[in-house]
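Reader: I would like to go through the labels used for this entry and see what each one rests on.

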Amino acid sequence: MTQARLPVLSRLVERVFSGGASALFILGARLLQNANGFLLTAVVAHFYGLGAVGTLTLATVPTTLVAIFGTFGLHFRFAQIKASNAACNSLGLFSAAISLPVVLVVAVAFGFAFGHDAEEQFNLAVLAFSSPFFAQTSVTSALQVLQRREAQSIISPALNAIGLLVGALTPDFSSFCLSVLAFRLAGIVVPYALLPHDFTVIRQAAVHLRAGMRYLLSDVVLVLSENFILLLSSGILSRSELGILGICRQLLTASDTPGWANIQSLYPRLVAGSDQFFQSTTKSMLRLGTILGALVTIVAIPAGILVFKAPDLWIYAAILMASVPARYVVLTIETYLKAKGEIGFVTRLTALRALAALATVYTATALGGLLGHVMSLSAFFIVVAMIEFALVPRNGVARFSFSPRGGTQ
């Protein structure tokens, strides 16, 4: 009886996670990383209050920017580079090495600019300097998928988790931040140490990095818009409200994580796949987004009461979670367009989306505070998903033509 159920279970997993076992490995790593983020927030909320969580939320601005720029687009580019696995591994390691000194300067500048006192400046700078960890996790995950080493994707978030546990034993928050930094740096070094390398590719590194950066234009526009909205909102919302918003953003990231894992594992197949494969992927992502949005809403109720001491957290979370299926559709569409070489189209599309979001969400925040912020953000993504879905092929009939010059080979 048990054996008879296994194929059914296997088909169910394949139906929800169309990326198969590789998606589940990556999902496990991303879920652990999300758990690390919640652990960090919970510790700070417990010892320092929601105001301190608001400060942590500000620290996500340089972190998210570096998480995008620091990849140099290589996680999109690797599947199209005609080079050995060892050469790709060395190219990824090179991107990490050249990004660290730049990030150090940015981290120190950000800390001085936004910290209220010397201690907060230091903590902001340390947290910002640990941000290449997130960029390189994306890069190494892409390498591990291409080389069928998905099980190794757990290493980086596991080291991050150890850093949080060790940091929890330190006497003050500054020491805690230093512990996080040390283990995140280890989370960059160790995965690369386990991969074979061919450093002769470094001679062509500039060419590959420039080509990869083209894939980031749309992401950079969106991330800049999201963080600019956050910085503007920080002037309207109190630190406690900003803290609740920061927790909601983490919940939104948690709900997005399975989608990111699934679409990352499917990216090589999207590059070579047909419109029909894209349609089946979109359907599975829509189902997955619906399930995750509901689950995270349920989790937000006890989390708000027991962990973050914010009983009304679930209200804001539920509003945001209503947009999760739409977010999954948008993620699938834009990844598919990138896979087909329509980088310029995606960049223009996301630039318009970023400008519209900036005007819509900021205005709603100014008029309605935190509630206005989350309601407008959720409604905005639902509308965007409907618009973007109208622009992509369906049932074999293209809504627009792919440009023959859109490719990046």
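**Helix packing and cores**

Author: In this predicted model, helices H5 and H6 cross in a right-handed sense.

Reader: Why are H5 and H6 called roughly antiparallel?

Author: H5 (residues 85–114) and H6 (residues 118–129) pack at an angle of about 150°, with their axes 8 Å apart. Angles over 145 degrees count as roughly antiparallel, and therefore H5 and H6 get that label.

Reader: Which residues make the contact of H5 with H6?

Author: On H5 they include Leu100, Val103, Leu104 and Phe114, and on H6 they include Glu120, Gln121, Leu124 and Phe129. By class, the contact has twelve nonpolar, two polar and one charged residues.

Reader: What makes H8 roughly antiparallel to H9?

Author: The angle between H8 (residues 155–167) and H9 (residues 173–193) is about 160°, and their axes lie 8 Å apart. The cut-off is over 145 degrees, so H8 is roughly antiparallel to H9. This crossing of H8 and H9 is right-handed. Among the residues in contact are Ile155, Leu159 and Gly163 of H8, with Phe176, Phe183 and Arg184 of H9. The contact divides into eleven nonpolar, six polar and one charged.

Reader: Which residues have the most contacts inside the largest nonpolar core?

Author: They are Leu251 and Leu313, in a core of 78 residues. Helix H16 (residues 343–389) gives the most to this core, with twelve residues. Neighbours within four places in sequence aside, Leu313 is in contact with Ile244, Ile247, Cys248, Leu251, Ala300, Gly304 and Phe308. Another core, of 18 residues, lies apart from the largest one and includes Ile81, Phe133, Ile188 and Leu209.

Definitions and conventions. Residues are numbered from 1 along each chain as its sequence is written. This is a predicted model: local features need pLDDT of at least 70, side-chain atom pairs count only at pLDDT 80 or more; totals for chains, interfaces and linings use all residues. Side-chain values use heavy atoms; hydrogens and water are left out. Axes are lines fitted to C-alpha atoms, for helices over the stretch in contact, and angles run from 0 to 180 degrees between N-to-C directions. Helices (H or I, at least four residues) and strands (E, at least two) are DSSP runs, numbered from the N terminus. Angles under 35 degrees count as roughly parallel, over 145 as roughly antiparallel, 65 to 115 as roughly perpendicular and the rest as oblique. A crossing is left-handed if the near helix is turned anticlockwise from the far one by less than a right angle, and right-handed if clockwise. Contact means heavy atoms within 4.5 Å. Ala, Val, Leu, Ile, Met, Phe, Trp, Tyr, Cys and Pro count as nonpolar, Asp, Glu, Lys and Arg as charged, and the others, Gly among them, as polar. A nonpolar core is a set of buried Ala, Val, Leu, Ile, Met, Phe, Trp, Tyr and Cys residues joined through side-chain atoms within 4.5 Å. Buried means under 20% relative accessible area, exposed over 50%, partly exposed in between (1.4 Å probe, protein chains only).
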